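My notes follow the order in which I checked them.

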Amino acid sequence: TNNTERLRVLAGGGLTFNADTAAANALDDYEQGTWTPVYAAGMTNVTYTATEGEYTKIGNVVTFACRIYGTGSTNGDHLKIGGLPYTQNNDNALGVAAVGYMNGLVSSNDEIFVLVGNNTSQLHFYHGGGGAFGGNSGNGISGRTLHLAGHYYV
């Protein structure tokens, strides 16, 4: 490195780069693991198959992905998937998910979007127009595989 500092291990914990000594800038929190997505609302008496989730947390940012498949009794309650590994901070605009696959849940001209609920560890589903998406919306959530990925702040 031509005698130039590139990395520093701080006495109080964490790593800084390029001669930075500020503890506030230190990389001091990294975690990765698995979580189990579950239907928190929109379906009852659920039997799950092939359901899994993974996450990485760096500092206050959680990046996640999951696949969920369940069969049960759908209802008009606001569709929510629970089990995220951390609770979202108090800013709903900073937690979003993209639906990568939804196995015929909605028709091609319908839209859904997903937010991480404010102060929750849940994904909340909405119609493209902004109203709550129920467990029986579209073709109903029972027997549908969903693949989701996103991020949020804790």
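I began with Arg67, which comes out partly exposed at 27% relative accessibility. The model is a predicted one, and I keep that in mind for every value below.

Next I looked up the partner of Arg67. I found a salt bridge to Glu52, with 2.8 Å between the closest N and O atoms. This pair links distant parts of the chain: Arg67 sits in strand S7 (residues 61-74) and Glu52 in strand S6, 15 residues apart. For Glu52 I noted a relative accessible area of 44%, so this residue is partly exposed.

How many salt bridges does the structure hold? I counted three, and went on to the others.

I then took the pair Asp29 and Lys57, whose side chains meet in a salt bridge at 2.3 Å, N to O.

Is Lys57 buried or exposed? I have Lys57 down as buried, because its relative accessibility is 8% and the cut-off for buried is under 20%. Asp29 is partly exposed, with a relative accessible area of 26%.

Last, I checked Arg8. It forms a salt bridge with Glu5, and the closest N and O atoms are 2.9 Å apart. I logged Arg8 as partly exposed at 30% relative accessibility. Glu5 is partly exposed as well, with a relative accessible area of 29%.

Technical notes: Residues are numbered from 1 along each chain as its sequence is written. This is a predicted model: local features need pLDDT of at least 70, side-chain atom pairs count only at pLDDT 80 or more; totals for chains, interfaces and linings use all residues. Side-chain values use heavy atoms; hydrogens and water are left out. A salt bridge is a side-chain nitrogen of Lys or Arg within 4 Å of a carboxyl oxygen of Asp or Glu. Buried means under 20% relative accessible area, exposed over 50%, partly exposed in between (1.4 Å probe, protein chains only). Helices (H or I, at least four residues) and strands (E, at least two) are DSSP runs, numbered from the N terminus.
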